[in-house]
Amino acid sequence: MTGIGWFGALIIGALAGWIAEKIMKSDMGLLMNIVLGILGALVLNGILFMVIGNTLGGWIGQLVVGAAGACLLIYVVRLIRGRA
């Protein structure tokens, strides 16, 4: 989440995690939303950078990538726990 700062990363992480929580119909708290949103953005940005050589920038791009990445992380956790 380059270029948006720590406070911006927390806001985007919380929003992305909340969006992923609603999409995936899971029940998590605010802290887990922030963690999943930030980790999701980091994971998916890394994948995008490896595949296409670029990432989405700005607040909206990071929100989209964070929400998609958080959904991916929720799915992986469900696969590991056996509830996919």
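These entries record what I looked up in a predicted model of one chain.

**Entry 1: basis**

I worked from a predicted model in which local features need pLDDT of at least 70 and side-chain atom pairs count only at pLDDT 80 or more, while totals for chains, interfaces and linings use all residues. Residues are numbered from 1 along each chain as its sequence is written, and side-chain values use heavy atoms, with hydrogens and water left out.

**Entry 2: the chain overall**

I took helices (H or I, at least four residues) and strands (E, at least two) as DSSP runs numbered from the N terminus. I found three helices and zero strands, in the order α-α-α from the N terminus on. I then looked up burial, where buried means under 20% relative accessible area, exposed over 50%, and partly exposed in between (1.4 Å probe, protein chains only). Of the 84 residues in the chain, 36% are buried. The chain exposes about 5300 Å², and carbon and sulfur atoms supply 74% of that area; accessible areas come from the Shrake-Rupley method with a 1.4 Å probe. For contacts (heavy atoms within 4.5 Å), I noted that residues 24 or more positions apart account for 62% of those with a separation of 6 or more.

**Entry 3: H1**

I compared helix lengths with an expected span of 1.5 Å times one less than the number of residues. H1 has 20 residues and reaches 27 Å from its first C-alpha to its last, close to the expected 28 Å. Its buried residues are Gly 8, Ala 9, Ile 12, Gly 13, Ala 14, Ala 16, Gly 17, Ala 20, Glu 21 and Met 24. Their cover includes H2 and H3. Lys 25 follows H1 and has a positive phi, near 55°.

**Entry 4: H1 against H2**

I took axes as lines fitted to C-alpha atoms, for helices over the stretch in contact, with angles from 0 to 180 degrees between N-to-C directions. H1 and H2 pack with axes 6 Å apart, at an angle of about 100°. The two helices are therefore roughly perpendicular (65 to 115 degrees; under 35 is roughly parallel, over 145 roughly antiparallel, the rest oblique). On the H1 side I listed Ala 9, Leu 10, Gly 13, Ala 14, Ala 16, Gly 17, Trp 18 and Glu 21, which meet Leu 30, Asn 33, Ile 34, Gly 37 and Ile 38 in H2. The residues of this contact divide into eight nonpolar, four polar and one charged. Here Ala, Val, Leu, Ile, Met, Phe, Trp, Tyr, Cys and Pro count as nonpolar, Asp, Glu, Lys and Arg as charged, and the others, Gly among them, as polar.

**Entry 5: H2 against H3**

Which helices do the buried residues of H2 pack against? I found H1 and H3. The axes of H2 (residues 30-52) and H3 (residues 58-81) come within 6 Å and cross at roughly 100°. This pair is therefore also roughly perpendicular. Among the H2 residues that meet H3 are Leu 36, Gly 40 and Leu 44; the H3 residues in this contact include Val 65, Gly 69 and Leu 73. The contact divides into ten nonpolar, six polar and no charged residues.

**Entry 6: H3**

The buried residues of H3 include Gly 61, Gln 62, Cys 71 and Arg 78; H1 and H2 are among the elements that cover the buried residues of H3. Leu 72 lies in H3 and counts as partly exposed, at 35% relative accessibility. I placed Leu 72 at 8.8 Å from Ala 20, C-alpha to C-alpha, across 52 residues of sequence. Gly 82 follows H3, with a positive phi near 85°.
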